[in-house]
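These are my notebook entries on one protein model. I set down what I looked up, entry by entry.

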Amino acid sequence: MMDINEIRRYLPHRYPFLLVDRVEELVLGESIVAYKNVTVNEPFFNGHFPEQPIMPGVLIVEAMAQASGILGFKSMGKTPEDGSMYYFVGSDKLRFKKPVVPGDKLDLFSTVLSEKRGIWKFEVRAEVAGKIVSSATILCADR
């Protein structure tokens, strides 16, 4: 398990763009289970949408990519302090199934599909209360 202080060692993101609150499980080179607590205080809810707040889909994808980034960094034994950056470089089969709203716990799952010359491919999904809200295959690159 990783708390926010350890997560900050592996991700260069900071408020309001750090979208992983805790890591519950991590198997190096294989998979990660993490989560983001979604609260009404998130700055994006001021404009998306004030009368019916919904977490933007692009931020759900970013949260899944950040969880994958932690998995990649930890698996490689690197951190941003080492001069390594882990970039989200693509996605395929991206789907959104249901909105994410304030009060939801956004569970993030990522599994390594492959790694070749610093390009990592992950199968990712986000769930709320055991129901899939988004899924994709994403690519991240270590540079």
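**Entry 1: the strands**

I began with strand 4 (residues 105-116) and strand 5 (residues 119-128), which pair in the antiparallel sense over 10 bridges. For pairing, I required that DSSP find at least two bridges between two strands. Helices (H or I, at least four residues) and strands (E, at least two) are DSSP runs, numbered from the N terminus. The model is predicted: local features need pLDDT of at least 70, side-chain atom pairs count only at pLDDT 80 or more, and totals for chains, interfaces and linings use all residues. Residues are numbered from 1 along each chain as its sequence is written, and side-chain values use heavy atoms, with hydrogens and water left out.

I turned next to strand 5 and strand 6, which pair in the antiparallel sense over 10 bridges. Trp-120 has its bridge partner, Cys-140, in strand 6. In this hairpin, with 2 residues between the strands, Ala-129 has a positive phi near 55°.

In what order do the strands of the open sheet lie? I found 6 strands in the order 1-2-4-5-6-3, with antiparallel pairing. Strand 1 (22-27) and strand 3 are the edge strands, and each pairs on one side only. Direction ignored, neighbouring strands of this sheet are turned by 20° against each other on average. Helix 2 packs on the sheet and touches strand 1, strand 2 (31-37), strand 3, strand 4, strand 5 and strand 6 (131-142). The direction of helix 2 makes about 130° with that of strand 3. Here contact means heavy atoms within 4.5 Å, and axes are lines fitted to C-alpha atoms, for helices over the stretch in contact, with angles from 0 to 180 degrees between N-to-C directions.

I counted 2 helices and 6 strands in the protein, and along the sequence they follow the pattern α-β-β-α-β-β-β-β. I also checked the radius of gyration, taken over C-alpha atoms, against the globule rule of 2.2 Å times the number of residues to the power 0.38. A compact globule of 143 residues would have a value near 15 Å, and the protein agrees with 14 Å. The C-alpha trace spans about 45 × 30 × 25 Å along its principal axes.

**Entry 2: backbone details**

I looked for cis peptide bonds. One runs from Tyr-15 to Pro-16, with omega near 5°; Pro-16 lies in the loop between helix 1 (4-10) and strand 1. Another joins His-48 and Phe-49, with omega about -5°; Phe-49 is in the loop between strand 2 and helix 2. I also noted Lys-93, a residue other than glycine with a positive phi near 55°; Lys-93 is in strand 3.

Helix 2 (57-76) and strand 3 (86-96) each supply at least two residues of the lining of the largest pocket. Helix 2 gives the most, with 5 residues. By class, the lining has 9 nonpolar residues (Ala, Val, Leu, Ile, Met, Phe, Trp, Tyr, Cys and Pro count as such), 3 polar and 1 charged (Asp, Glu, Lys and Arg), the others, Gly among them, being polar.
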